Amino acid sequence: MASAPLDEVFRLVLEIERSDELGQVEQSVRAFAGPLGYDRFILFSASAKREDLIDRIYWVEGDWFGDNEPVSADLYVRRCPVTRHILETREAFFWTKLKTADGDRYRVVSRPSGAGLHGLQIPVFGPSGLEAALSLGGEKIDASAHTRLALTLLATAAAVAAQRLNEDMGAVGRLSSREREVLGWTAAGRRQSEIAAVLDLSARTVENHLRRIRHKLGVATTAQAIKLAIRNGDIDA
C-alpha cells in the first residue's frame, strides 16, 4: 500500500459500523483487502477461556486448505495451528505456510515472502479480553506495516459489527410459542386451513404468523424458515 488511503479506510470503517447485515461487512473488508492479494477470509468470535478457542464463525470465504472443503471451527484450528498464537499476543501478526515432506507447517513471521500461502491474523479484544479475530490469507499479499494497521482497523470494526448483528439476529429471531406451533405443523406437511382448524385460528392468521416468522428469521421462504428453525432447535425435525 504505497500511499496509505486513510480516507478510504475510515470510510470503510464507518460503512462497517453502519452495516445492518453481515454481507455488507464482508463486502467492505473484501473491497479493501482483495486488491492487496487477500482472497481468503475467516472472521470468528473467540475466547481464551475456551479449550477449542473459537466460539462461532461469522464469515468464512476462500479455499483455505487447497481442497475446497467447507471450513468448520474445529477443522480451522486443527489444520491452522498458528491460530492459537492469538492467545499469546495482543497484536496482529503475519504467518506463512510451508509445505514439507511431513505436511503443511505454519510459522509466525515478521514478513512473509516466497511461494506458498501467507496471511495476517488479527486478534480483537474487548471488555472480556480476547473476543474475536479476523484471519486473511493469500498467495501474493501486501505485508506492509501500513496494510497491517489498516486491516487491524477494519478487523476491529468488522468483529464488533458481526457481534452486534449476531446479537440482533438472536433477539429478532426468537419465535413465540404460537409461531413455533404454526411452523411445526407446516413442517409436518399440514396445509394452512388444516393448521387453522387444529389451532382454532383463521387461515389469514396462520398466513400472518408465517409471514412474521419469515421476517423474524430473515429468510425469503417458509422452507428456509423451517430449515433454520430446526437448526436453531425451535421445532423438531
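Mentor: What follows is a look at the aromatic pairs, one after another. Keep in mind that the model is predicted. A pair of aromatic rings is described by the distance of the centres and the angle of the planes. Searching the whole structure gives six aromatic pairs. One of them joins F41 and W59, with 4.9 Å centre to centre and 10° between the planes. This pair is stacked. F41 belongs to strand β1 (residues 40-46) and W59 to strand β2 (residues 54-61), so the pair ties together parts that are 18 residues apart in sequence. Both of these residues, F41 and W59, are buried.

Now take W95 and Y106. Their ring centres are 5.7 Å apart and the planes stand at 55°, so this pair is tilted. The cut-off matters here: planes over 60 degrees apart would count as edge-to-face. Because W95 lies in strand β3 (residues 93-100) and Y106 in strand β4 (residues 103-109), the pair ties together parts that are eleven residues apart in sequence. W95 and Y106 are both buried.

W95 and Y106 also belong to a cluster that is linked by ring pairs.

The ring of F125 has the charged end of R90 sitting over it, 4.4 Å from the ring centre.

Terms used:
Residues are numbered from 1 along each chain as its sequence is written. This is a predicted model: local features need pLDDT of at least 70, side-chain atom pairs count only at pLDDT 80 or more; totals for chains, interfaces and linings use all residues. Side-chain values use heavy atoms; hydrogens and water are left out. Rings of Phe, Tyr and Trp (its six-membered ring) pair if their centres lie within 6.5 Å; planes under 30 degrees apart count as stacked, over 60 as edge-to-face and the rest as tilted. Helices (H or I, at least four residues) and strands (E, at least two) are DSSP runs, numbered from the N terminus. Buried means under 20% relative accessible area, exposed over 50%, partly exposed in between (1.4 Å probe, protein chains only). A charge sits over a ring if NZ of Lys or CZ of Arg is within 6 Å of the ring centre and within 35 degrees of the ring normal.
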